[in-house]
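Thanks for sending this one over.

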Amino acid sequence: MKDLFKEVIGMDGVKGVLLLSFEGEIIYKQFSSPPNNEPEKRDWGSFVASLDGMRETDLVFDNGRIYIRRSDLGYLLVVMESVVSVAMLRLNCDIILPSLTSVKGSK
């Protein structure tokens, strides 16, 4: 999956990606530098449950943003700085999502 997310991680200002199952389990994670908090120690189940029915969203904070996109495997979270082009990120995700479906079929 590392090659699959290469374009997203390579974008200026993108700090990392997380792919969460619909149950809140981490399927894949990749960060350009180690995160401040370990994602494995979070309760993602409650967070994912709150996203029920959501297709796409962009959460904006003082120090950055989180872009969330639903896929066939679960939810893709992209952690980034405020300056990242959401249009370019959305385009990259449009390319990645069909590939995630084929990864699901090969498991």
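1. A word on terms first: helices (H or I, at least four residues) and strands (E, at least two) are DSSP runs, numbered from the N terminus. On that basis the protein chain has three helices and five strands. Read from the N terminus, their order is α-β-β-α-β-β-β-α.

2. Please keep in mind that this is a predicted model, in which local features need pLDDT of at least 70, side-chain atom pairs count only at pLDDT 80 or more, and totals for chains, interfaces and linings use all residues. Residues are numbered from 1 along each chain as its sequence is written, and side-chain values use heavy atoms, with hydrogens and water left out.

3. On overall form, the radius of gyration (taken over C-alpha atoms) is set against a globule rule of 2.2 Å times the number of residues to the power 0.38. The protein chain has 13 Å, which agrees with a compact globule because one of 107 residues would come out near 13 Å. Its C-alpha trace spans about 35 × 30 × 25 Å along the principal axes.

4. Which residue sits in strand β1 (residues 14-21)? Ser21 does, and it counts as buried because its relative accessibility is 9%; buried means under 20% relative accessible area, exposed over 50% and partly exposed in between (1.4 Å probe, protein chains only). Buried residues make up 38% of the 107 in the protein chain.

5. Contact here means heavy atoms within 4.5 Å. Setting aside neighbours within four places in sequence, Ser21 touches Ile27, Val48, Leu73 and Gly74.

6. Lys6, in helix α1 (residues 6-9), is exposed, with a relative accessible area of 55%. Its C-alpha atom is separated by 17 Å from that of Thr101, 95 residues apart along the chain.

7. Now the largest pocket. On a 1 Å grid over the protein atoms alone, a pocket is an open set of points where a 1.4 Å probe fits, with protein on both sides within 12 Å along at least five of seven lines; lining residues have an atom within 4 Å of a point. The largest pocket is lined by 14 residues, of which Phe31, Pro35, Asn36, Asn37 and Val79 lie nearest its centre. The elements that give two or more residues to this lining are β1 and β5 (74-80).
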